[in-house]
Amino acid sequence: MRRALELMGAGAPAPPPAPIAFVRPGGPTPAGLARVRLEGGGEVAPGRRLPPDLPLGYHGGTTDAGEPLTVVCGPGVCAPPPARAWGWSAQLHSLRSAGGWGIGDLGVLRDLGRWAAGAGAAVVLVNPLHAPLPVTPQQASPY
């Protein structure tokens with residue numbers, strides 16, 4: 001594999017990503033997790049349980065053995081949807097406006113959202129405008 005990559009001019013393969021631990025604020029500390037480097041700065045040395053105010057996000061971690069670990073802190077559950085809701089689904093590149101460039105842009109999406117809300121819609125769904133997977137290295141959107 002290395003020789004094939006060299007012949008293609010790609011260089012050495014990237015190292016494998018760090019293991020990932022999915023946690024919740026105040027939840028149990030994963031086995032072996034020694035330190036958490038917070039995404040926004042600072043560091044936490046958890047005990048048996050993670051701090052209840054552990055920020056949601058992607059944090060760096062270190063195991064007892066000094067190995068890197070990615071710590072993903074999430075809420076555990078999503079907010080419940082409204083009892084009844086409706087909305088529109090649109091592909092951003094298909095939206096048009098008089099002042100647009102003909103391929104849709106975030107200004108046109110804002111206008112659609114305002115119009116939909118004025119008509120009573122609770123949501124506007126759009127095609128992905130972000131990296132498709134929440135892992136590093138981040139990949140570009142397929143759109």
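At the start of α2, the backbone nitrogen of G107 has a side-chain oxygen of D105 within 2.9 Å. The model is predicted.

Helix α2 covers residues 106–118, and its 13 residues should span 18 Å at 1.5 Å a residue; the end C-alpha atoms are 18 Å apart, which agrees. V108, L109, L112 and A116 are buried in this helix. Seen down the axis of α2, the buried residues fall within an arc of 100°, so they line one face of the helix. An α-helix has 3.6 residues a turn, so residues three or four places apart point the same way. L106, R114 and G118, on the other side of α2, are exposed. The buried residues pack against two strands, β6 (87–90) and β7 (123–126). After α2 comes G120, with a positive phi near 100°.

The largest nonpolar core is made of eleven residues: A21, V23, L33, V36, L38, V44, L50, L54, L69, V71 and C73.

A second, separate core has six residues, among them A90, L92, V108 and L109. In soluble globular proteins, nonpolar side chains tend to be buried together.

Leaving aside neighbours within four places in sequence, L38 is in contact with V44, L54, P55 and H59.

Definitions and conventions
Residues are numbered from 1 along each chain as its sequence is written. This is a predicted model: local features need pLDDT of at least 70, side-chain atom pairs count only at pLDDT 80 or more; totals for chains, interfaces and linings use all residues. Side-chain values use heavy atoms; hydrogens and water are left out. A nonpolar core is a set of buried Ala, Val, Leu, Ile, Met, Phe, Trp, Tyr and Cys residues joined through side-chain atoms within 4.5 Å. Buried means under 20% relative accessible area, exposed over 50%, partly exposed in between (1.4 Å probe, protein chains only). Contact means heavy atoms within 4.5 Å. Helices (H or I, at least four residues) and strands (E, at least two) are DSSP runs, numbered from the N terminus. The expected span of a helix is 1.5 Å times one less than its number of residues. The arc is that of the directions from the helix axis to the C-beta atoms. A polar contact is a pair of N or O atoms within 3.5 Å; within protein, one must be able to donate a hydrogen and the other to accept it, and residues adjacent in sequence count only if both atoms are side-chain atoms.
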